[in-house]
Amino acid sequence: IKLDEKDRKKRPVDGKPYEDQTLYNWVLATHDSFRKHLNDSKVIADWNKWVAYENTDAWDGRHGVATRMAEFQSNMLFEVTQTLAAAMTTGTPRPEIKPDPRYTKREEMEAAGEYAKGLKRELVRVWEETKMKSKLRQGILEYGIKGTTCYHVPFNPDTQEIEPEPDDIYGFLPDPNLLSPRDVNKKLSYFRCVVMTVDQIFNTYGIKVKSMGSVNNLKQFRETQQTDNTPIKDAEGAVGDTEDDVNGGSLVLEYHTTDYTLEEYEDYKLDKEGQKIKDENDEPEMVTKTRPKFENGRVLTIVKGHKDWIIQDYPCPYIDGPEFVVSGLPQTGKLFGRSEGKAIEPHMKAINQLISNALDNTEYFGNPFMEVIEAFLSDPANAYAPGPGERIPVNKIGGIQLHTPDPIAAFVYNMIGLLKDDADLVQGTTDS
C-alpha cells in the first residue's frame, strides 16, 4: 500500500470503521483481480462438476438428448469420499510425546516426562472439546470432492481457546502467486468472501448497508461467478436505512495481506554487553528504533457496496493463521489439489452411459415398436397404442407386426463390472 506518511498517520488501525476512498478502491480492485484469475483457471467450474458427480446430478444439462429415457448416475464419488472419511476418523488420535534426552538433563527427565503426559492429555482434551472429529470428517469430504478444503481457526479471547471450523471453499480467494498451501500462511495474501445478511453486518460491524440481493442469489453468484444477467442489484454508494432490506444480504470482503510499514518506538540504549547506558543523571538513555507495524500481516475489511468505507483495519494477531488450506492430492506449483473424482471421471462417465443405454434398451424391449398396415384394420380411423393384453381388430393376419430392438450384448455387463473394479484399483479403496 503506497501512501505518504501524512496519510498513514491519519489512518486509524484499531478495527473501527473509517472512510478512505483510495484504500477502498485498492482493496476492491485487488479482489476483482484475484477473482478474474481464479475464474480464468476454471477451478470453480471443476468444483461444480465434482459436486454434481457427488450429488448424482452429472446428467444435468450435459447429454443434450431431449428424448433420453434413462439417466443412470453412478454413486462412485460419494462412496469413495465416505470410505475415506470413515477410515480417517475412526478414533481420537493419541500423540506420543516424550522428552528429548539430548536437550533434557538427567535429573530433569522425570519432571519432563510428567509434563509430556500432561501435554498429551491437553491435546486430547482440545481435540474432543472442539469436536475436531466431526470437523475433520467435513474437511475430508470437502477435499475428497473438490481436492481442497479450508479451515478457519480464529482465537476466542473470551475463552482463550482456538475455535477451528471448516470454511466455505467458495469464499476463499487466494493471491494468484500462492503456489502451495504453506504459502497461505507464509505470504498472507488472500480474501475471505463472506455472504451476510444486512442485519448480521450491523450486529457484527455496527454499520448499516443496503441489500445487494437475496442471500441465496449472492451465494449462487459467488459459486458460479456469472458475469451476465446477474441477480445482484447494484448497491454502490447505497448507505443508510436498511429497513426494507433486512432479509437481503451483501458480500463482506476480508483481505489478509502483508504490509511492510515501519513504526517508531522508544527503547533503552544498550552497550555491547547488552547493559543499559545511563546519562549524567544516572537515568537510562533512550533511543528511537523502528519495527514492523504489521508483523503478522494486516486485515482490511470492506462491504461490497458500502462505498469508500474501510469496515475494519487491524494487525493480524496470528503468526500462522487464521486460514489453513489442506489439499487431499497436492500438485506441485498449484495451491488447489486434485479431486478424488478426477481419476475416476472416465469410469463414472462410461458407467453412466452403459447402464443408461441398457435401461433404455429394456424400456424399448418391453414396449416394442408397432408396424401397422391401416388398410387391414377393422377401424382405421382409430390410432392404436395398446397396453399389455389388449386386442386390436384386423381384417387380415399380419396387418400388425411388433419390432423389438436387439438385446444388450453380454460384454456390456462385463464391461460395467470391469470399470467398477478398475476404479477401486485407481482409488486404492474398497467397499466399506
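Student: Which are the buried residues of helix 4?

Tutor: This is a predicted model, and in it the buried residues of helix 4 are M76, L77, V80, T81, T83 and A85. The helix itself covers residues 76-88, and its 13 residues reach 18 Å from the first C-alpha to the last, close to the 18 Å expected at 1.5 Å a residue.

Student: How should I read the buried residues of a helix, and which are those of helix 8?

Tutor: In general, an α-helix has 3.6 residues a turn, so residues three or four places apart point the same way. In helix 8, which spans residues 198-205, the buried residues are V198, I201 and Y205. Seen down the axis of helix 8, these buried residues fall within an arc of 55 degrees, so they line one face of the helix.

Student: What covers the buried residues of helix 8, and what follows that helix?

Tutor: The cover includes strand 7 (190-197), strand 9 (248-257), strand 12 (298-303) and strand 14 (312-315). After helix 8 comes G206, whose phi is positive, near 75 degrees.

Student: How many disulfides are there?

Tutor: A disulfide is a covalent bond between the sulfur atoms of two cysteines. With a cut-off of 2.5 Å between cysteine sulfur atoms, the count here comes to zero disulfides. As for burial, C150 is buried with a relative accessible area of 0%, and C193 counts as buried at 2% relative accessibility.

Student: How much of the whole protein is buried?

Tutor: Buried residues make up 35% of its 432 residues, in a protein that has eleven helices and 17 strands.

Methods. Residues numbered from 1 in each chain as written. Predicted model: local features only at pLDDT ≥ 70, side-chain atom pairs only at ≥ 80, totals over all residues. Heavy atoms only, no water. Helix = DSSP H or I, 4+ residues; strand = E, 2+ residues; numbered from the N terminus. Expected span 1.5 Å × (residues − 1). Buried < 20%, exposed > 50% of the residue type's maximum accessible area, 1.4 Å probe, protein only. Arc of directions from axis to C-beta. Contact = heavy atoms within 4.5 Å.
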